[in-house]
Amino acid sequence: ILDNSELINSLRQNPLCRALRVDKVTLAGLEATLQLYRDPGQALESIPTLRMLGNTPESLGKRCEELAAELTGLGIGSSIVESEGRVGGGTYPGVKLPGFALALDGPHGAEVLAMHLRNGDPPVIARIVDKRVFIDFRTVLPGQENDLVRRVREAFSNERFDS
């Protein structure tokens, strides 16, 4: 549409033009985001999704090991498994990210344990693979480990009382 005044005028007449018009708040948000991207280090630190995408499998494995050891100390068995995350749809539909996940076996099955994890505060979203609950460490931000340990402990306690 660039430099085509006839097409631009036609678009201005469309009722969606008003509904889809970009306002000052949207432009301010876009500007702030683009400013972050001018400094890649700052962007990696400030944008959680970029931080998750930038984690190396080695750092994820180390964090996973630390959490597994803490859970073992609480009497909760877990294991560390290699995991393959996905960037998602949109512009990267097939991109795979190697990493690690914490695998948990719930006393009453993976579905029950996953439900208890989801229904707590904060909710923990996990996936079920081969009847085990996997918590992908790429999605656990640094500083969230204490909440995660607390939530896993609560979920296991809830499972004991549900039977």
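Eight salt bridges are found in this structure, which is a predicted model. Side chains of opposite charge can pair when their charged atoms come close.

The side chains of Arg150 and Glu154 form a salt bridge, with a distance of 3.0 Å from N to O. Arg150 has a relative accessibility of 25% and counts as partly exposed. Glu154 is also partly exposed, at 31%.

Is Arg151 buried or exposed? Arg151 counts as buried because its relative accessibility is 1%, and the cut-off for buried is under 20%. Apart from neighbours within four places in sequence, Arg151 is in contact with His116, Leu117, Arg118, Asn119, Gly120, Asp121, Pro122 and Val124.

In the bridge between Arg127 and Asp136, the closest N and O atoms are 3.7 Å apart. Arg127 is partly exposed, with 31% relative accessibility, whereas Asp136 is buried, at 13%. A salt bridge also joins Glu84 to Arg86, and here the closest N and O atoms are 3.7 Å apart. Glu84 has a relative accessible area of 45%, so it is classed as partly exposed.

Next come the strands. Strand β1, residues 78-86, runs antiparallel to β2, and nine bridges join them. Within this pairing, Val81 stands opposite Ala101 of β2. Strand β2 is also joined to β4, by four bridges, and these two strands run antiparallel as well. Here Leu104 is placed opposite Val133 of β4.

What lies in the core? In soluble globular proteins, nonpolar side chains tend to be buried together. The largest nonpolar core of this model has 22 residues, and those with the most contacts inside it are Leu102, Leu104, Ile135 and Val152. At least two residues of this core come from each of the helices α6 (57-73), α7 (110-118) and α8 (145-162), and likewise from each of the strands β2 (96-104) and β4 (132-136).

Which residues does Val152 touch, leaving aside its neighbours within four places in sequence? Val152 is in contact with Leu71, Ile76, Leu104, Leu117 and Ile135. Among these partners, Leu104 and Ile135 are also listed with Val152 as having the most contacts inside the core. Leu117 is in contact with Arg151 too.

A nonpolar surface patch of about 490 Å² is formed by Val22, Leu27, Leu30, Leu34 and Tyr37. Val22 sits in the loop between α2 (16-19) and α3 (24-37). Val22 is classed as partly exposed because its relative accessible area is 48%, and the exposed class begins over 50%.

How values were computed
Residues numbered from 1 in each chain as written. Predicted model: local features only at pLDDT ≥ 70, side-chain atom pairs only at ≥ 80, totals over all residues. Heavy atoms only, no water. Core = buried A, V, L, I, M, F, W, Y, C linked by side-chain atoms within 4.5 Å. Buried < 20%, exposed > 50% of the residue type's maximum accessible area, 1.4 Å probe, protein only. Contact = heavy atoms within 4.5 Å. Patch = residues over 30% accessible without salt bridge, like charges linked within 9 Å, V, L, I, M, F, W, Y side chains within 5 Å. Areas by Shrake-Rupley, 256 points an atom, 1.4 Å probe, with all protein chains shown as cover. Salt bridge = Lys/Arg side-chain N within 4 Å of Asp/Glu carboxyl O. Pairing = 2+ DSSP bridges.
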